[in-house]
Amino acid sequence: MSASINCKEFAEYFAIPVHNKLNPAYIFEVEGKPYAVEEYYLDDLKHIVHFKLPPQITEEPVIVKEMYDLAVSLIQSFDELEMKIKSTKKNPLITFSLGLAEINYMHACLSNTFNKRLQVYPLHSTVTLEEQNNVFLSPVPGYRKIILSTNIAESSLTVPDVKYVIDFCLTRTLVCDEDTNYQSLRLCWASKTNCNQRKGRAGRVSKGYCYRLVHKDFWTNCIPEKPIPEILRCPLGTTILKIKMLDMGEPKALLATALSPPSAGDIERTILQLKELGALTTCVQTEENPHDGELTFLGRVLAHLPVDQHLGKLIVLGHVFGCLEECLIIAAALSLRTFFAVPFRQHIDSYRNQYITASAFSFYFQEELDWGRSNYIQIKRVREVAELFEELKQRVSVFNMHITTQPSPMDQEYVYKQRFILQVVIAGAFYPNYFTFGVCDQEIAVKELDGRDPKTTIMLRNIPPYGFLYHKQLQSLFRQCGQVKSIAYDGPKAFVEFSRNPMDTFKTLPAVYMSLKMAQLKIPLDLNVCNPNEIENQVEGGGAARVKYTRVNVDYQKQTVEPVAIFGISEMSKMIPSRLLSINVTEIVEVGHFWGYRIDEKNMTVLQTLTTEINHQSLMDLPVSPHPELVCLAPFPCLDNKGYYRARILYVSGDFAEVFFVDYGNRSRVPLKNLKAIPSHLRELPFQALEFKMCKMRPSAKSLVCGEQWSYSASQRFASLVNGYTLLVKVYSLVHSVLHVDVFRYLGSKELVNIRDVLIEECYAEQAEESYESQVCIQ
């Protein structure tokens with residue numbers, strides 16, 4: 001029994017009528033002798049800290065920056081306190097923060113203190129098991145152990161020798177949204193009961209101290225006495241289904257007798273939602289009752305399953321549509337907490353592993369625990385999901401629902417169609433709750449990024465003066481996200497562009513997602529900044545002031561630092577002599593997206609001259625180890641290594657490298673020993689390969705059903721229309737070095753036809769409006 005339970009409330013609820021009186025149940029008290037724990041509030045700390053205390057925030061429960069600073073000062077004051085009482089031992093302490101972001105921020109604040117003799121441990125449900133166990137280790141002599149915890153350490157946890165508790169008096173509580181009936185974590189003030197539980201982490205083995213970072217009056221008048229009971233803040237669907245299954249009468253009447261009865265409105269709303277779900281009928285014994293109903297077959301199944309009602313409906317629909325096994329796995333995984341571990345201060349690595357979930361299927365090739373550790377996965381959670389999957393499979397078998405062996409797929413489109421069916425099942429299970437992608441204001445995005453590609457570029461604000469001096473530090477900070485191609489500085493803003501594989505489709509780079517995750521997790525970007533006055537003093541003649549906010553572009557591929565080019569003017573624009581070009585296609589990325597080169601007389605002369613000059617050189621081996629983005633010379637295998645061409649390394653695998661031929665637009669696998677260094681003067685000529693995207697076209701609905709973007713048959717048809725033919729393209733716009741074009745060719749003896757019209761006529765594609773960027777960049 002919890003020490004914080006309200007015994008009187010339970011005793012009165014279970015009172016027994018005796019002689020026309022209600023006699024409460026007996027209460028047996030077993031008194032212990034805990035050590036005293038002294039309590040302090042903000043009013044008591046004015047003599048400890050050396051700055052003005054912030055006023056109490058009553059409107060919105062939140063930890064302001066001053067409160068973090070106060071907690072750090074308080075921790076530093078413990079050294080003085082222990083010196084006064086002549087204690088040689090630095091006693092551990094627990095700080096109760098809110099969540100992972102708050103723990104990260106508090107950790108950063110402690111890391112910046114002058115006292116470095118601290119051992120700081122996070123305690124959060126997503127950190128690894130090893131990190132959770134570290135809180136029980138004894139600190140190194142002379143060091144103070146600090147535990148930054150959520151309310152996971154609030155009860156049933158004894159950390160040896162904890163003497164101090166610092167409590168922000170806040171908590172995140174699961175509440176149920178009235179409109180959607182879904183639970184979410186909401187920040188609120190913790191109750192006195194919760195805070196007393198936290199205070200109990202100290203005083204276990206010696207006298208303790210509890211510091212509550214609220215004012216005394218606020219604690220007395222505003223902090224609630226006890227938390228809201230779960231029955232009042234969680235969905236009632238499962239409870240009502242159990243009542244109907246046990247035939248215990250009308251739910252509203254029965255729940256009115258609960259210890260903390262939910263409101264009649266919550267009960268009625270839940271019953272209507274169960275009817276909408278299909279778990280209850282709309283009438284009782286032929287008499288319509290909007291706030292009651294009989295169990296349907298779906299309702300009996302849902303009452304039998306230990307999962308949320310929508311997940312139960314997902315399982316039933318999975319049986320109906322022939323994807324029961326997949327739905328059981330989804331329901332089991334969503335019912336438990338995430339099995340991805342987030343090692344402290346390794347959030348980006350963990351998020352990357354979640355983003356690339358395919359790596360999880362290398363499980364059989366490593367030891368179980370080693371595999372989990374290397375892939376940031378908690379094996380214990382995986383086992384729990386597997387056990388729940390087996391339990392769900394056994395429970396639905398009672399209703400004659402069994403997993404059937406599916407035939408081996410005959411082609412890729414079969415797999416795509418099964419995936420589409422699963423998407424339809426998920427939509428049906430969670431109806432009427434759904435989400436939509438917000439429409440991006442393309443005009444604002446283009447202006448914010450100054451015309452740069454939002455799929456490859458992120459923007460940083462508040463860059464210090466002379467920001468280009470810190471380009472190596474910024475590159476190092478974002479290296480964990482992806483390969484940085486360049487950083488452009490424009491006053492207090494910086495634009496970080498990541499490298500893109502020429503064969504990638506037009507999707508947002510994973511590196512951009514990783515960077516946005518860093519911002520979401522409030523991971524600080526710390527720069528070792530020089531004083532602007534010192535920079536100006538070191539530069540003679542006042543020249544530094546003129547470049548204080550100069551627009552500079554640092555290119556890491558070319559290893560150059562140059563002024564930012566005027567928007568809209570590029571080398572690519574100079575390479576396009578007119579809006580009509582004759583081209584050959586060399587590499588297809590996807591339908592409507594391809595690489596090629598111009599075959600007009602002038603361009604062919606340039607290519608032949610370049611090839612001749614390369615192959616008359618005395619070629620040297622690479623001076624550095626081959627690595628992605630390195631520009632070099634490589635042979636094209638189809639020509640029996642007789643000629644070398646300019647190429648960029650895409651990636652290295654073993655003794656081979658995948659290279660992209662920058663003058664023609666195709667790619668090939670080349671032995672590392674055959675790669676040669678490129679003379680510096682051969683880098684000056686712009687790359688001649690052109691990237692094309694057909695304009696005013698998107699995949700048809702039929703194509704989307706059969707694949708993520710374009711169906712296999714659409715890809716085959718597009719390849720048959722362009723491969724091996726001389727094409728005429730009409731340039732519509734130039735966006736981020738990609739030519740948006742109309743593509744034409746002769747079909748037999750017929751007139752010139754637009755390939756987009758052919759794809760639309762054959763239902764592979766449909767007409768679409770061009771993006772804002774493309775419309776404003778019309779050639």
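This is a predicted model: local features need pLDDT of at least 70, side-chain atom pairs count only at pLDDT 80 or more; totals for chains, interfaces and linings use all residues.
## A tour of the aromatic side chains

Begin by selecting F10, Y13 and F14, which together make a nonpolar surface patch of about 300 Å². Is Y13 buried, exposed or something in between? With a relative accessible area of 38%, Y13 is partly exposed, because the class applies between the cut-offs of 20% for buried and 50% for exposed.

Next, zoom out and colour the whole chain by secondary structure, which comes to 28 helices and 29 strands. Of the 779 residues, 43% count as buried, and the accessible surface of the chain comes to about 43100 Å², with 54% of that area belonging to carbon and sulfur atoms. If you display contacts with a sequence separation of 6 or more, 68% of them are accounted for by residues 24 or more positions apart.

Now turn to the aromatic rings, of which the structure holds 19 pairs. Select Y41 and W219, whose ring centres are 5.8 Å apart and whose planes stand at 50°, so this pair is tilted. The two residues come from distant parts of the chain, 178 residues apart: Y41 is in the loop between β3 (37–40) and α2 (65–84), whereas W219 is in helix α6, residues 216–221. Both Y41 and W219 are buried.

For a second pair, move to F478 and F498, where the ring centres are 6.4 Å apart and the planes meet at 70°, so the arrangement is edge-to-face. F478 lies in helix α19 (residues 471–478) and F498 in strand β15 (residues 493–498), so the pair ties together parts that are 20 residues apart in sequence. As with the previous stop, F478 and F498 are each buried.

From pairs, go on to a group: select Y40, F78, Y164, Y209 and Y211 together, and you have one aromatic cluster on the screen.

Methods
Residues are numbered from 1 along each chain as its sequence is written. Side-chain values use heavy atoms; hydrogens and water are left out. Helices (H or I, at least four residues) and strands (E, at least two) are DSSP runs, numbered from the N terminus. Buried means under 20% relative accessible area, exposed over 50%, partly exposed in between (1.4 Å probe, protein chains only). Contact means heavy atoms within 4.5 Å. Accessible areas come from the Shrake-Rupley method with a 1.4 Å probe; for residues, only the protein chains shown count as cover. Rings of Phe, Tyr and Trp (its six-membered ring) pair if their centres lie within 6.5 Å; planes under 30 degrees apart count as stacked, over 60 as edge-to-face and the rest as tilted. Patches are made of residues with over 30% relative accessible area and no salt bridge: like charges are joined within 9 Å, nonpolar side chains (Val, Leu, Ile, Met, Phe, Trp, Tyr) within 5 Å. A salt bridge is a side-chain nitrogen of Lys or Arg within 4 Å of a carboxyl oxygen of Asp or Glu.
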